[in-house]
Amino acid sequence: MKHCLVVDDSAVIRKVARRILEGLSFRITEAEDGEQALTVCRAQMPDAVLLDWNMPVMDGYDFLRALRALPGGCHPKVVFCTTENDVANIARAMRAGADEYIMKPFDKEIMTAKMQEVGLV
């Protein structure tokens, strides 16, 4: 069973993502911010990270850069979630090492398609 870390400061988004991803046979771990997410990754590197962009403590960009610098940090497929439709932010995330992105709000069809695109489903 593949392990997905869901990183979002919104409990509602984490709950929706968990329900969809569990339906795709992922084991889920949740984190509220990038700092918590790094702690999870240091303990057990996930197969995938669903990453919010705008969070307190440590945002998605800083987390992604820190993740990719960790031993094994190049392994997880990172799909970042954003309400931003700013092309510059999307390009910045892709340059920092994101594999794909999803616009909020997302649904099961969008999530399934993105997970297929990165080779996890």
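Over the ring of which residue does the charged end of K114 sit, and how far is it from the centre?

Mentor: The charged end of K114 sits over the ring of Y101, 5.2 Å from its centre; a charge counts as sitting over a ring if NZ of Lys or CZ of Arg is within 6 Å of the ring centre and within 35 degrees of the ring normal. Please note that this is a predicted model, in which local features need pLDDT of at least 70, side-chain atom pairs count only at pLDDT 80 or more, and totals for chains, interfaces and linings use all residues. Residues are numbered from 1 along each chain as its sequence is written, and side-chain values use heavy atoms, with hydrogens and water left out.

Y101 also takes part in an aromatic pair with F80: the ring centres are 6.0 Å apart and the planes stand at 35°, so this pair is tilted. Rings of Phe, Tyr and Trp (its six-membered ring) pair if their centres lie within 6.5 Å, and planes under 30 degrees apart count as stacked, over 60 as edge-to-face and the rest as tilted. Because F80 belongs to strand β4 and Y101 to strand β5 (residues 100–103), the pair ties together parts that are 21 residues apart in sequence. Strands (E, at least two residues) and helices (H or I, at least four) are DSSP runs, numbered from the N terminus.

The two partners differ in accessibility. F80 has 1% relative accessibility and therefore counts as buried, while Y101, at 27%, counts as partly exposed. Buried means under 20% relative accessible area, exposed over 50%, and partly exposed in between (1.4 Å probe, protein chains only).

The structure holds three aromatic pairs. In one of them, W53 and Y61, the ring centres are 6.0 Å apart and the planes are at 75°, so the arrangement is edge-to-face. Both W53 and Y61 are buried. One aromatic cluster is formed by W53, Y61, F80 and Y101.

P105 has its place in the loop between β5 and α5 (108–117), and the peptide bond from K104 to P105 is cis, with omega near -5°. Most residues other than glycine have a negative phi, and most peptide bonds are trans.
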